[in-house]
Amino acid sequence: ELLAPALKADVGRKIVQLSLTGCRNFSDHELNVLIQSLPAELRVLRLDLGFSGLETLDMFTSTVQCLKSLVQLKLRFTGSSHFRTAAGLGVALREMESLMYLELWCAELRNS
């Protein structure tokens, strides 16, 4: 609850690295809110979401406008047993024209 407003208020931030590893209650909805709260001129985003409650990356489709300034994106989903699809990220990547570097870690996804 407190993270999203803090991120939104930090308008000058260029790099955000968050580890939500092990936060089983961190779901698709929470990631959607987090992405919408990122600083507008963010250049680098790293999210460690292993062993979380994340199921999809569908929210990237609706929040791509919040990510257009990214030049580097790192996402890690190690051990996320409920994770089903990254299709939303694929759609968003086509519109992220500034993105130069993408790193995905998807190990031990039990239901994939």
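Predicted model: local features only at pLDDT ≥ 70, side-chain atom pairs only at ≥ 80, totals over all residues.
Are aspartate 48 and arginine 76 buried or exposed? Both are buried.

First, the charged pairs. The structure holds six salt bridges. One of them joins the side chains of aspartate 48 and arginine 76, at 3.8 Å from N to O. Aspartate 48 belongs to strand 2, residues 44-48, and arginine 76 to strand 3, residues 72-76, so this contact ties together parts that are 28 residues apart in sequence. The pair also belongs to a network of salt bridges, in which Arg46, Asp48, Arg76 and Glu103 are linked.

Staying in strand 3, please look at lysine 74. Lysine 74 is buried and yet has no salt bridge. Which side chain of opposite charge is nearest to lysine 74? That is glutamate 103, 4.3 Å away. A salt bridge here requires nitrogen and oxygen within 4 Å. Glutamate 103 is also a member of the network I described, together with Arg46, Asp48 and Arg76. Leaving aside residues up to four places away in sequence, lysine 74 touches Leu45, Arg46, Leu47, Tyr101 and Glu103.

Arginine 84 and glutamate 55 meet through their side chains at 3.3 Å, N to O. Arginine 84 is in the loop between strand 3 and helix 4 (87-93), and glutamate 55 is in the loop between strand 2 and helix 3 (59-63), so here the parts tied together are 29 residues apart in sequence. Arginine 84 counts as exposed because its relative accessibility is 53%, where the cut-off is over 50%. Glutamate 55, at 34%, counts as partly exposed.

The other one is between arginine 13 and aspartate 10, with the closest N and O atoms 2.6 Å apart. Both ends are partly exposed: arginine 13 has a relative accessibility of 39%, and aspartate 10 has 27%.

Next, aromatics. How many aromatic pairs does a search of the whole structure find? It finds one. Phenylalanine 77 and phenylalanine 83 are stacked, with 4.8 Å between centres and 20 degrees between the planes. The angle counts as stacked because the limit is under 30 degrees. Phenylalanine 77 and phenylalanine 83 are both buried.

Phenylalanine 51 has a positive phi of about 55 degrees, although it is not a glycine. This residue sits in the loop between strand 2 and helix 3. With a relative accessible area of 29%, phenylalanine 51 is partly exposed.

Last, helix 2, which covers residues 28-36. Which residues of helix 2 are buried? They are Leu31, Asn32, Leu34 and Ile35. Viewed down the helix axis, the buried residues fall within an arc of 165 degrees, so they line one face of helix 2. What covers them includes helix 1 (3-9), strand 1 (15-19), strand 2 and helix 3.

Key:
Residues numbered from 1 in each chain as written. Heavy atoms only, no water. Buried < 20%, exposed > 50% of the residue type's maximum accessible area, 1.4 Å probe, protein only. Helix = DSSP H or I, 4+ residues; strand = E, 2+ residues; numbered from the N terminus. Phe/Tyr/Trp six-rings, centres within 6.5 Å; stacked < 30°, edge-to-face > 60°. Arc of directions from axis to C-beta. Contact = heavy atoms within 4.5 Å. Lys, Arg positive; Asp, Glu negative; His and termini not counted.
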